[in-house]
Amino acid sequence: MTTVRKPRVAAAPISWGVCEVPGWGRVLDTPAVLGEMAGLGITATELGPPGYLPRDPGELKALLGGYRLELVGGFLAVALHRDPGAALAEAAASAALFAACGAEVLVLAAASGLAGYDQRPALDAAEWSTLVTTAERIAELAAGHGVKTVLHPHVGTHVETEAEVERFLADSALPLCLDTGHLLIGGTDPVALARRHPSRVGHLHLKDVRGELAAAVRAGELPYTEAVGRGLYVPLGEGDVDIEAMIRFVGEAGYDGWYVLEQDTALGEDSPVDRPGRDVATSLAYLTEITAGLGRK
């Protein structure tokens, strides 16, 4: 029998519609979101966008502690291809906060520098080189705080497509955040990527997506934000990502990091406020069912 460590499961505020993109949608208040996480039995969360949770370590630990939650780390989208000093400064602040709160992971994305994730300019060779170098410098800086940096391939950033993911892996030693939804939307089979590069799986964001909407985004026929509003993301097991294969592969390959339930959700003014919690509960039940069988022959 293969021994597999019990997964460490976390959530993220984006699953409740809390996003850094202006005009994304209705933002639920912090007590409601953290309370629903705790009510589902989740014991850890990522930070969420700037300004949603306190940036003072003492305040943040006290707030999360009130819901029996620990901090995993958080997502940081910065323009790595220009003004490295500004990117390093933002990363330094995040790494220091994470370290002070006992968090482990800085989830780095190569932002385009534009608002939102609906478009991105092309990079030249020099800008790509700067992107890679800046990511490496951020990783070194964060490591000085005891925090691991992972690069998150993400729609609307400069590491989105399969070719860009493979290019980054070839040019950099950083591990990846395997976000099953963003990878598939960008044209990468996340399970195949994990099998090609098992040693580069540093963090997991678990998402499921509707394949036809993902294809429309990939083809440029539908803006990403609009696709999210149309129901691009669905609870785990209800879309076209092979979530079970991913979870089984990384578990049996020895992955011991976080399994973050992290669905990009956008709420309208008339959206049911209990929908995000119901969707996370469905995803959690699906994950629990799969992981209960890990290691069995």
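Predicted model: local features only at pLDDT ≥ 70, side-chain atom pairs only at ≥ 80, totals over all residues.
1. Helix 8 is followed by G220, which has a positive phi, near 80 degrees.

2. Helix 8 covers residues 211-218, and its buried residues are L213, A214, A216 and V217. These four lie on the same side of helix 8, because the arc they cover around the axis is only 160 degrees. In an α-helix there are 3.6 residues a turn, so residues three or four places apart point the same way.

3. What do the buried residues of helix 8 pack against? Their partners are helix 6 (180-185), strand 8 (208-209) and helix 9 (224-229).

4. Helix 3 (residues 84-100) passes a length check: its 17 residues should span 24 Å at 1.5 Å a residue, and the end C-alpha atoms are 24 Å apart, which agrees.

5. The buried residues of helix 3 are A87, L88, A91, S94, A95, L97 and F98.

6. The largest nonpolar core has 93 residues, of which L80, F168, Y224 and L232 touch the most other members. Helix 4 supplies the largest share of this core, seven residues.

7. Leaving aside residues up to four places away in sequence, L80 touches A87, L108, A109, A110, A111, T130, L131, T134, A135, I138 and L151. Among these, A87 is also one of the buried residues of helix 3.

Key:
Residues numbered from 1 in each chain as written. Heavy atoms only, no water. Buried < 20%, exposed > 50% of the residue type's maximum accessible area, 1.4 Å probe, protein only. Helix = DSSP H or I, 4+ residues; strand = E, 2+ residues; numbered from the N terminus. Arc of directions from axis to C-beta. Contact = heavy atoms within 4.5 Å. Expected span 1.5 Å × (residues − 1). Core = buried A, V, L, I, M, F, W, Y, C linked by side-chain atoms within 4.5 Å.
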